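Welcome! Here is a short briefing to read alongside the structure, with the main points grouped by topic.

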Amino acid sequence: MLFTRCPPPLAPAGYGHTVPLSDGGKAFCIVYSVIGIPFTLLFLTAVVQRVTIHVTRRPVLYVHVRWGFSKQVVAIVHAVLLGFLTMSCFFFIPAAVFSVLEDDWNFLESFYFCFISLSTIGLGDYVPGEGYNQKFRELYKIGITCEYRGYLLLGLIAMLVVLETFCELHELKKFRKMFYVKKDKDEDQVHIIEHDQLSFSSITDQAASAKEDQKQNEPFVAPPSPALADGSANQ
């Protein structure tokens, strides 16, 4: 059952129903989490960036070019449909399945469990496969653990893709700009001019010093004597 105990530290949804008791186990859990969580976040970021290109940007651009609809309207409709599809596949349908498999859960409790899991809260008040009256309990726990890990990973990726899709909407970009720190343009221009003046003065100083060094390094050439000059003139 080591597989059922290792993934929770990597996923932010820790339920607390399985915890290390020994000092060695606690130390291993800390080291495992410190190494595993950053790699998991990097993996999710890389996957979401690639999935967003194929799921969001290319379909929106294709519909905009193919049928000539407004890109903003297409992006809004696409984001709403993608959000509804994600809610159906990772919240409503799993909630219905858990309400059937778990005898003590109704649909609301099953939906609550799915939301708590995918939102990475993980309170631990509802954990599947913990009922003692569950038929084939050990086999059910192994099966639900394997399926749940895939469900959690795919659900996190899908939710992050939906959030990235909504963040790329033009209206939300304008809303986010309201919270950006605005800088004074006059001050920026003054800093740029001062920087250019300093750069120009430093360049001229370097050129002048280079010329002086070149003059100092040139070999001394004596002027021709008057006798030689007169002889060349008579010839």
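## Aromatic rings and confidence

Ring pairs join F98, W105, Y112, F113 and Y126 into a cluster. Please keep in mind that you are looking at a predicted model. The structure has eleven aromatic pairs, and one of them, between Y62 and W67, is edge-to-face.

**Around W67**
- The rings of Y62 and W67 lie 5.9 Å apart, centre to centre, with 90° between their planes.
- A pair of aromatic rings is described by the distance of the centres and the angle of the planes.
- Is W67 buried or exposed? W67 counts as exposed because its relative accessibility is 52%, and the cut-off for exposed is over 50%.

**Transmembrane regions in the record**
- An unreviewed UniProt entry places the feature "transmembrane region" at residues 30-52, 73-98, 110-127 and 148-166.
- Residues 30-52 are 100% helix and 0% strand, and their end C-alpha atoms are 32 Å apart.
- Residues 110-127 are 50% helix and 0% strand, with end C-alpha atoms 10 Å apart.

**How confident is the prediction?**
- The protein chain has an average pLDDT of 76, and 68% of the residues score at least 70.
- Among the elements of the chain, helix 4 (residues 71-101) has the highest mean pLDDT, 93, while helix 1 (residues 2-5) has the lowest, 40.
- Over residues 1-8 pLDDT stays under 50, and the model has ten contacts beyond four places in sequence for them.
- Residues 231-235 also stay under 50, with zero such contacts beyond four places in sequence.
- Where pLDDT is low, the predicted coordinates should not be read in detail.

Methods:
Residues are numbered from 1 along each chain as its sequence is written. This is a predicted model: local features need pLDDT of at least 70, side-chain atom pairs count only at pLDDT 80 or more; totals for chains, interfaces and linings use all residues. Side-chain values use heavy atoms; hydrogens and water are left out. Rings of Phe, Tyr and Trp (its six-membered ring) pair if their centres lie within 6.5 Å; planes under 30 degrees apart count as stacked, over 60 as edge-to-face and the rest as tilted. Buried means under 20% relative accessible area, exposed over 50%, partly exposed in between (1.4 Å probe, protein chains only). UniProt positions are given in the numbering used here, feature names are shortened, and annotations may be inferred rather than shown by experiment. Helices (H or I, at least four residues) and strands (E, at least two) are DSSP runs, numbered from the N terminus. pLDDT is the predictor's confidence in each residue, from 0 to 100. Contact means heavy atoms within 4.5 Å.
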